[in-house]
Amino acid sequence: IRCWSNIPFLTVPLSRAHGKSFAHRSELKHAKRIVVKLGSAVVTRGDECGLALGRLASIVEQVSMLQNQGREMMIVTSGAVAFGKQRLRHEILLSQSVRQALHSGQSQLKDMAIPVLEARACAAAGQSGLMALYEAMFTQYSICAAQILVTNLDFHDEQKRRNLNGTLHELLRMNIVPIINTNDAVVPPPEPNSDLQGVNVISVKDNDSLAARLAVEMKTDLLIVLSDVEGLFDSPPGSDDAKLIDIFYPGDQQSVTFGTKSRVGMGGMEAKVKAALWALQGGTSVVIANGTHPKISGHVITDIVEGKKVGTFFSEVKPAGPTVEQQAEMARGGGRTLAALQPEQRAEIIYRLADLLTDQREEILLANKKDLEEAENKGRLALPLLKRLSLSTSKLNSLAIGLRQIAASSQDSVGRVIRRTRIAKALDLEQVTVPIGVLLVIFESRPDCLPQVSALAIASGNGLLLKGGKEAAHSNQILHHLTQEALSIHGVKDAVQLVNTREEVEDLCRLDKLIDLIIPRGSSQLVRNIQKAAKGIPVMGHSEGICHVYVDTDASVEKVTRIIRDSKCEYPAACNALETLLIHRDLLRTPLFDQIIDMLRVEQVKIHAGPKFASYLTFSPSEVKSLRTEYGDLECCLEVVDSVQEAVEHIHKYGSSHTDVIITENEQTAEFFLQHVDSACVFWNASTRFSDGYRFGLGAEVGISTSRIHARGPVGIEGLLTTKWLLRGDNHVVSDFSEHGSMKYLHESLPLPQRNTN
């Protein structure tokens, strides 16, 4: 037995052999037997008289869904007192109204006072109605429910405890959901600090302790405690500095200040934490979460079981490193320090990182070799992803060159004045560039992305959180280590953080108070998932790279095959590779068309015929399933169009606004294409593969954006900056500029300071 808050707790309950709780949220999906505890604030309405029917129906739906998945669900519920109070108040009002109508007349009805109702009487009146409601709701999902009322004595008496255990096991075996509640009609008032009574057991004095005791007795995998707060906070919820505790470990309770108890019910948060820790020691994982919030209550239980970051998770396994929230705060502080450095100091960090990439290439390639071997042994990565995962000496040399370009071009990126206006005499306004804040970059199978993105974040003064794919874990680890080594020369090591915890991407996308911009680098599916999961955080990127090359009637024979080959075959897995080839109809059955087909055949490119192209052929290649397909391999769609106008319309209908190309010698046709195609990058007689930050002279890119807000196309340093306004005055007030004031607005544009072009 150990003590906490002057209350002894049994380290290992005697009623069962010590089990092992789940160490991480991601393991909760394996929970088979689950207890859901519904607090009074969850079940009852805001007026504490009657039940929150909509909320209760949603909870029943989620429990039914999990039950039908083959899990064993149990509910510990409150609500009988509130339901009974509603019924008794109705009866009393009805009785009083009849009595007063007979003796005092209608005028006295409004003066009726409702007596204080005794809780045990309310419970007795409400139990049957509450259970009838549960039965009706569960019946909608073809699930049977059974009621069990218990008291503390049922756990003290060994025979009663065995009977209860046997009854519950039999109900679970028959796929019935037990609904358990304390028998409040006969239970005595709780005694303070009486958690241990009799023989080493937690006292059942409220539904929190009942749920914990039941969970341990039944060797439950997971206990979900729903209340009217998001979880456990490091100070009372609502206070200015209160922060939700994502994971709570035994021993952390000294850093927690408990507030008042719930608006209804027997226990407060302190009682929930005590019960949760007792259950955790008995081998049951525990999550305390909000069951009343209208935006999440409809899926809170299923989210918890799926391992999503909801509420406070109780764990006995404390990670060695900081949490992702702590890492984000470290990146915020480090980024602000980084932004305050002189431009030459930020450039010096990037130059140092470039040198480390070449100096330490043997160690980098050795780590990358481990990743490649593990990926090949597991056989989980397709060939295009394996190519992205692979590093080489030439790749590292190219990375180093790109980083030096970034360093050279970043001298005046942060704090650059882009507008100056004299508002009035001695009142000058400036608009200057500043970092966005904290960036979250999520990338898969591309370890070379890490130093590129790190250099751009350093140059722009942003804090950075990096989440790489586990397939590149060894490569990412050493590259991040080298990045921090470079940052250390000016004491800003914390500015770039690599997330190594078992955080799900969806959970990272919910950190809207810690992250300012998300940049996904990977497959179109990854980008779509992140765009869907991001809650209140803007996402910069493109979900697909459906790039087109249009071959016009005036195209040069020499240029066509070179540009198409480079666009499709140089690196088919890239997002800027050709996916759809548009051919002018007049080129069909010409020597140029034959050369294109022969070249694609030699390069082993599989052709999928578009609907119009297929209609011209007796025997056509396999017809395309969709004209919006990103193949990412040696495959492409070939379609026929009648004019440059039709080519533009096709691109707008089926493209992804990424990169589109025209091959022609007709300048007028080319200019029409350049001006009318609404994509991030539009080229004339050049390969789609030029759509790249390094090739644009940006040094590198954090990605290619197809959005129309903020940055578009390859995003370099400029795309990672925003602005702020600086106003310098001398005792200026707005009232001086009124109709009868002494000052007038000038709004004069002032010359910008000379830029450093060295």
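**Close-up 1. An aromatic pair along helix α4.** Tyr134 and Phe138 sit four residues apart in helix α4 (residues 119-139), so about one helical turn separates them. This is a predicted model, and six aromatic pairs turn up in the count. One of them is Tyr134 with Phe138, a stacked pair with 6.5 Å from centre to centre and 25° between the planes. Those two values are what you want here, since a pair of aromatic rings is described by the distance of the centres and the angle of the planes.

**Close-up 2. A hairpin, and another strand that pairs with β11.** Here β11 (residues 417-424) and β12 (residues 427-435) run antiparallel, joined by six bridges. The two make a hairpin with two residues between them. Look in the turn for Ala426, which has a positive phi of about 65°.

**Close-up 3. The four-stranded open sheet.** Going across, the strands come in the order β15-β14-β13-β16, and the pairing is parallel. Which strands stand at the edges? They are β15 (496-498) and β16 (517-521); each has a single partner strand, so one side of each is left without a neighbour in the sheet. From one strand to the next, the twist averages 20°. Zoom in on β14 (residues 463-468) and you'll find three bridges tying it to β15, with the two strands running parallel. Leu466 has Leu498 in β15 as its bridge partner.

**Close-up 4. Two helices lying across the four-stranded sheet.** Helix α15 lies across β13 (438-443), β14, β15 and β16, and runs at about 165° to β14. Helix α16 lies across β13, β14 and β15, at about 160° to β15. The two helices also meet each other: the axes of α15 (residues 449-460) and α16 (residues 473-487) come within 10 Å and cross at roughly 25°. Angles under 35 degrees count as roughly parallel, and so α15 is roughly parallel to α16. The crossing of α15 past α16 is right-handed. On the α15 side the contact is made by Leu450, Pro451, Ser454 and Ile458, which meet Asn476, Leu479, His480, Thr483 and Leu487 in α16. Sort the residues of this α15 and α16 contact by class and you get five nonpolar, four polar and no charged.

**Close-up 5. The six-stranded open sheet.** This sheet takes the order β19-β20-β18-β17-β21-β22, with parallel pairing. The edges belong to β19 (606-609) and β22 (681-684); each of these has a single partner strand, so one side of each is left without a neighbour in the sheet. Neighbouring strands in this sheet are turned by 20° against each other on average, direction ignored. How many bridges pair β17 with β18? Strand β17 (residues 547-551) pairs with β18 (residues 578-584) over five bridges, in the parallel sense. Tyr550 stands opposite Leu582 in β18.

Close-up 6. Which strands does α19 lie across? Helix α19 (residues 557-569) covers β17, β18, β20 (635-641) and β21 (659-663), running at about 160° to β18. Helix α22 (residues 644-654) packs on this sheet too, touching β17, β18, β20 and β21. The direction of α22 makes about 170° with that of β17.

**Close-up 7. Where α19 meets α20.** Two packed helices are described by the angle between their axes and the distance between the axes. For α19 and α20 (residues 591-602), the angle is about 25° and the axes are 10 Å apart. That angle makes α19 roughly parallel to α20. As for handedness, α19 passes α20 in a right-handed crossing. Val557, Val560, Thr561, Ile564 and Arg565 are what α19 brings to the contact. Facing them from α20 are Leu592, Gln595, Ile596, Met599 and Leu600. By class, the residues in this α19 and α20 contact come out as seven nonpolar, two polar and one charged.

How values were computed: Residues numbered from 1 in each chain as written. Predicted model: local features only at pLDDT ≥ 70, side-chain atom pairs only at ≥ 80, totals over all residues. Heavy atoms only, no water. Pairing = 2+ DSSP bridges. Axes fitted to C-alpha atoms, helices over the stretch in contact; angles between N-to-C directions. Contact = heavy atoms within 4.5 Å. Parallel < 35°, antiparallel > 145°, perpendicular 65-115°, else oblique. Left-handed = near helix turned anticlockwise from the far one by under 90°. Nonpolar A, V, L, I, M, F, W, Y, C, P; charged D, E, K, R; others polar. Phe/Tyr/Trp six-rings, centres within 6.5 Å; stacked < 30°, edge-to-face > 60°.
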